[in-house]
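Grab a pencil and work through these exercises one at a time. Try each task yourself before you read its solution.

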Amino acid sequence: MYSFMGGGLFCAWVGTILLVVATATDHWMQYRLSGAFAHQGLWRYCLGTKCYLQTESIAYWNATRACMILSSLCATSGIIVGIVAFAQQPTFTRLSRPFSAGIMFFASTFFVLLALAIYTGVTVSFLGRRFGDWRFSWSYILGWVALLMTFFAGIFYMCAYRMHECRRLSTPR
């Protein structure tokens, strides 16, 4: 059980760090604008070496930002619950800590998937036509890696929960 929780905790730490870095950095997309290189993130865009805040309130940016923030919060909550799961204090009979941590990581995975799907759909359909020479950049890719890490953290914690439940049910009372 503890090896699964350890693996889940490792994946959770890495995934949460990647989520925060992907959300905070401004390299989601790179493109050429008037012959100069430019890049943009969720919060600002940069033309050459000068960066500007994105002041327009565009729905897909707001939705992507909100989902990335919710994903980071769920992953952070999952880490806290996952650390507490290592404690040997009595747990509730109806709610297991590894199970709760797994649910938090699956919620984080859902929110980051939603954010990346929204961003991908709008970027490919709208911005991809606007900028001829463009590509997704490393912040965007970190978001996808964070999705995998939080998903595997959820899997590890669910395996720890199942292992704990099998042991609990097999011990005589």
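**Exercise 1: the salt bridge**

Asp-26 has a relative accessible area of 9%, so it counts as buried (buried is under 20%, exposed over 50%, partly exposed in between, with a 1.4 Å probe and protein chains only). Before going on, know that this is a predicted model, where local features need pLDDT of at least 70, side-chain atom pairs count only at pLDDT 80 or more, and totals for chains, interfaces and linings use all residues. Residues are numbered from 1 along each chain as its sequence is written, and side-chain values use heavy atoms, with hydrogens and water left out.

Task: find the residue that forms a salt bridge with Asp-26, and say where both residues sit.

Solution: 
- Step 1. Start from the idea that side chains of opposite charge can pair when their charged atoms come close.
- Step 2. Apply the cut-off: a side-chain nitrogen of Lys or Arg within 4 Å of a carboxyl oxygen of Asp or Glu. That rule gives a count of 1 salt bridge.
- Step 3. The partner is Arg-44, with the closest N and O atoms 2.9 Å apart.
- Step 4. Asp-26 is in the loop between α1 and β1 (29-33), while Arg-44 is in strand β3 (residues 44-47), so the pair links distant parts of the chain, 18 residues apart. Helices (H or I, at least four residues) and strands (E, at least two) are DSSP runs, numbered from the N terminus.
- Step 5. Check the cover on Arg-44: its relative accessibility is 37%, so it is partly exposed.

**Exercise 2: the cysteines**

Solution: 
- Step 1. Look for cysteine sulfur atoms within 2.5 Å of each other; the count comes to 1 disulfide.
- Step 2. The angle about the S-S bond is 100 degrees, and the link of Cys-46 and Cys-51 is right-handed.

**Exercise 3: two tyrosine rings**

Task: describe how the rings of Tyr-60 and Tyr-119 are arranged.

Solution: 
- Step 1. Recall that a pair of aromatic rings is described by the distance of the centres and the angle of the planes.
- Step 2. Rings of Phe, Tyr and Trp (its six-membered ring) pair if their centres lie within 6.5 Å; planes under 30 degrees apart are stacked, over 60 edge-to-face, and the rest tilted. The whole structure has 15 aromatic pairs.
- Step 3. For Tyr-60 and Tyr-119 the centres are 6.0 Å apart and the planes are at 40 degrees, so this pair is tilted.
- Step 4. Tyr-60 belongs to helix α2 (residues 59-85) and Tyr-119 to helix α3 (residues 97-130), so the pair ties together parts 59 residues apart in sequence.
- Step 5. Both Tyr-60 and Tyr-119 are buried. They also belong to one aromatic cluster, whose members include Trp-28, Trp-61 and Trp-144.

**Exercise 4: a recorded region**

Task: find which residues UniProt lists as "transmembrane region", and check the helix content of residues 140-160.

Solution: 
- Step 1. The unreviewed UniProt entry lists residues 63-87, 99-120 and 140-160; such annotations may be inferred rather than shown by experiment.
- Step 2. Residues 140-160 are 100% helix and 0% strand, with end C-alpha atoms 31 Å apart.
- Step 3. Residues 63-87 are 92% helix and 0% strand, with end C-alpha atoms 37 Å apart.
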